[in-house]
Amino acid sequence: MPALLVTLLIIALMLLVWQLAQLLLLVFGGLLLAVVLQRLARLLAEGIGLSHRWALILVTVGLVSLFGGAVWLLGSQLAAQLQQLGQVLAKTVADIHGILQQSRLDDWLSKDGSAGGLLGGGLISGMAGTVTLLGDLVVGLFVVLFVAIYVALTPDIYRRGVLL
């Protein structure tokens with residue numbers, strides 16, 4: 001009986017880890033970023049004689065500014081390319097829809113009850129999926145950054161916890 005209970009607990013733990021895999025990966029990414037921040041802050045503190053906390057603040061602000069500056073510089077070009085891609089895709093969908101209507105293939109494709117499913121609903125659901133993905137990306141970046149800064153500010157607590 002105890003072996004069955006242990007087996008069920010292990011299976012339940014594996015299912016929990018499976019469901020939380022994305023969150024665990026974000027936390028792991030935050031820990032890796034914390035290690036990088038710690039190392040850069042230590043180099044800066046030793047180099048110019050700052051306290052560790054101030055060096056960590058400067059490193060974090062510097063890296064966020066560097067990343068933000070790159071996004072700002074490349075963001076307008078990326079937005080213009082995405083807008084152009086959207087226009088090309090809309091024209092392509094309209095062209096395909098016209099070809100399908102001329103060939104009567106459109107009627108055959110919509111007979112299964114998903115009228116316009118190939119071109120109409122699929123495009124909208126794809127756009128909604130893209131917006132959801134971008135939202136998940138932003139939230140994930142904030143989680144990684146929060147974990148990294150939190151762990152980098154108080155690394156001794158986590159070092160002692162892992163070693164015990």
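Modeller: What follows moves from the whole chain to the core and then to some residues around it. This is a predicted model, in which local features need pLDDT of at least 70 and side-chain atom pairs count only at pLDDT 80 or more, while totals for chains, interfaces and linings use all residues. Residues are numbered from 1 along each chain as its sequence is written, and side-chain values use heavy atoms, with hydrogens and water left out.

The protein has 6 helices and 0 strands, where helices (H or I, at least four residues) and strands (E, at least two) are DSSP runs numbered from the N terminus. Buried residues, meaning those under 20% relative accessible area, with exposed over 50% and partly exposed in between (1.4 Å probe, protein chains only), make up 12% of the 164 residues.

A nonpolar core is a set of buried Ala, Val, Leu, Ile, Met, Phe, Trp, Tyr and Cys residues joined through side-chain atoms within 4.5 Å. The largest one here has 11 residues, namely A34, L37, A41, A45, A55, L56, V59, V147, A148, V151 and A152. Helices α2, α3 (52–102) and α5 each supply at least two residues of this core.

Within that set, L56 can be followed through its contacts, a contact being heavy atoms within 4.5 Å. Leaving aside neighbours within four places in sequence, L56 is in contact with L37, A41, A152 and L153. A152 is also touched by Q38, which, not counting residues up to four places away in sequence, touches H52, P155 and R159 as well. Q38 is found in helix α2 (residues 21–48) and, at 9% relative accessibility, counts as buried.

Helix α5 (residues 117–153) also holds F146 and Y150, which are 4 residues apart and therefore separated by about one helical turn. Rings of Phe, Tyr and Trp (its six-membered ring) pair if their centres lie within 6.5 Å, and planes under 30 degrees apart count as stacked, over 60 as edge-to-face and the rest as tilted. By this rule the count comes to 1 aromatic pair. That pair is formed by F146 and Y150, and it is stacked, with 5.9 Å centre to centre and 15 degrees between the planes. F146 counts as exposed because its relative accessibility is 57%, whereas Y150, with a relative accessible area of 47%, is partly exposed.
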